[in-house]
Amino acid sequence: MNDTKQLSDRRSALDRVGAVAASTRAARDRRRPTSPQWAAWGFLAPVTVYLALFYAYPLYRNLDLSLRDYTVRSFVQGDAPFTGLANYRKVFDDPVFAPALLHTAAFTAVCLVFQYAIGLALAVFFNQNFRLSSTLRALFLVPWLLPLIVSSSTWSWMLNSDSGVVNAVLHAVGIGPVNWLTSPSWSLTSVIIANIWIGVPFNLVVLYSGLQSIPGSLHEAAALDGANAWQRFWRITFPLLRPVSAITLLLGLVYTLKVFDIIWIMTKGGPADSSTTFATWSYQLGFGNLLPAFGPGAAVGNLLVVAALVFGLIYVRVQRKQALS
Amino acid sequence: MRTDAVTKRGWKTAVGLLLTGVMLFPVYWMINVSLTRDQDMRKSPPDLFPTHGTLAGYRTVLDEQLPYLGTSLVVALGTVVLTVALAAPAGYALAKLRPRGGGLLSFVLLAAQMIPGIIMAMGFYAVYLQLGLLQSVPGLIVADSTLAVPFAVLIFTAFMAGIPGELLQAAQMDGARALRTFWSIVLPMSRNAVVTVSLFAFLWSWSDFVFANILVNGGAREPITLGIYHYIGNNNQEWNAIMATAVVASLPAAVILVLAQRYVAAGVTTGAVKD
């Protein structure tokens, strides 16, 4: 694969996002005689109807679920009594609430820090062109492209207490077996490790494309002035990369908040809720028990939606600001 | 001087190879376990290489998992068609036809990507229960398409905005001409965007576990992700069969990486999506 072509593709992809912002702005500024609005909205109609039917309506149903006292019978018949915020109160008073909140925060924060740090280090490393660098960088995409159930079950078996390769390696260097998935003190760490592994490629690709847009001449000038590699990174690369870093971290935040598959497949949030987050707790309440608690499950889910949208809005604001500047 | 630079670069390649090896170790391990014999599965320490390799795991896949793979293929292709059909016209309108309220719609699409899939799935469950669409393939296709449609509109808009306006003369276009322009100029010129969108829609739909688990679990036609999940859930100890299924389920990702890597990278940076 032709490397320079890839780079120009990526750059032009980024440019195009800017171009969209610019063209919508231009459209707002100059009210030129435009094509009939009905033609434009004719093209938009399918996706608008689609959004209403398959985004808005399921979300509305979820909101409705959280405000009523549903049982299995009334779930099918749809005649559950309206109970206001009772489900939310129930959720706040639940003994699982505090640990779930703590785990969600810890999971998100630790994953973000490591994914970003490792992704950045790798991006800087791969930014120095050496033989095979583009091929190896492409291979780094593999964990991100694999179906989550594949990565999760592979990690499950690697972290198996008795037969897992991780404990075998630890044994070889003289460390006793760790009950990665079955001990409450390690389960959260285990799912964090797996999620970091999955998230590194995304950080690598985005940060690498950010590095590509920093002109090499800056580094050459600084090198002539006697700055060493370490100084060049902290004084030039890192500050110039700040906009891309902000975008990467905010998107990472939104997407880490909603991680469900990995945790559910590896630990089901257990043992004893030791790795439960809002996402798994919500599912656990709604579907994981013999007696489903649809109302509280939906309530937990809606709290998560609110959190994701708050950070999503911050992301949009940051991105707008960057597009304008 | 020159030889010094060459050895330095060779050294970097060595470090790069090492890092890649560490990163891809789980993938190697998946393949290694898929080839391990049952009696070696619990060996301590485990064999680092499949010296007594067996294809028994893959035979199990052929015996038991083909229907699941077929369902996954149908669902993923259905998702691709639905996603492109919905998103390409929308991208054209947003990029070229200056609809009033287009900015708001773009914003809604961006926000839609932020909503956790597990929450969408629970909403879909409630809706599909009423409509009788649970455990149906079309229902799963529609649900899976929500993973890709907002991203696809974004990609199409970004791409089509780059098509020169003189070519389209969007300003004086009536509806019928807009449709013809879209069909015979814009769409053929957007081939790269169609490929990028199709790849991601296929991959996400093929990989989907959350929607499948909530909407079609226990049904007559389940995708491969549920095939693997049932294996693990049944406390199955045949890890070679489980990992062989995982390897087969990873094949689309491998094919895409080899054949279409630049589309993937372009998609990641344009959309900056998915974790």
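**View 1. Contacts along chain A.** In chain A, 68% of the contacts with a separation of 6 or more join residues 24 or more positions apart; a contact means heavy atoms within 4.5 Å. The model is predicted: local features need pLDDT of at least 70, side-chain atom pairs count only at pLDDT 80 or more, and totals for chains, interfaces and linings use all residues. Residues are numbered from 1 along each chain as its sequence is written, chains are lettered from A and ligands numbered from 1 in the order written, and side-chain values use heavy atoms, without hydrogens and water.

**View 2. Helices of chain A.** Chain A has 16 helices and zero strands. These are DSSP runs numbered from the N terminus: helices are H or I, at least four residues, and strands are E, at least two. Of its 325 residues, 51% are buried. Buried means under 20% relative accessible area (1.4 Å probe, protein chains only).

**View 3. A stacked pair.** Across all chains there are 37 aromatic pairs. Rings of Phe, Tyr and Trp (its six-membered ring) pair if their centres lie within 6.5 Å; planes under 30 degrees apart are stacked, over 60 edge-to-face, the rest tilted. Phe260(A) and Trp264(A) are stacked because their ring centres are 5.8 Å apart and their planes at 15°. Both residues are buried.

**View 4. An edge-to-face pair in chain B.** Phe151(B) and Trp204(B) sit 5.1 Å centre to centre, with 65° between the planes. Phe151(B) lies in helix H7 (residues 137-160) and Trp204(B) in helix H10 (residues 191-207), so the pair ties together parts 53 residues apart in sequence. Phe151(B) and Trp204(B) are buried.

**View 5. A ring cluster.** Ring pairs link Phe260(A), Trp264(A), Tyr283(A), Phe287(A), Phe294(A) and Tyr125(B).

Definitions and conventions:
Buried < 20%, exposed > 50% of the residue type's maximum accessible area, 1.4 Å probe, protein only.
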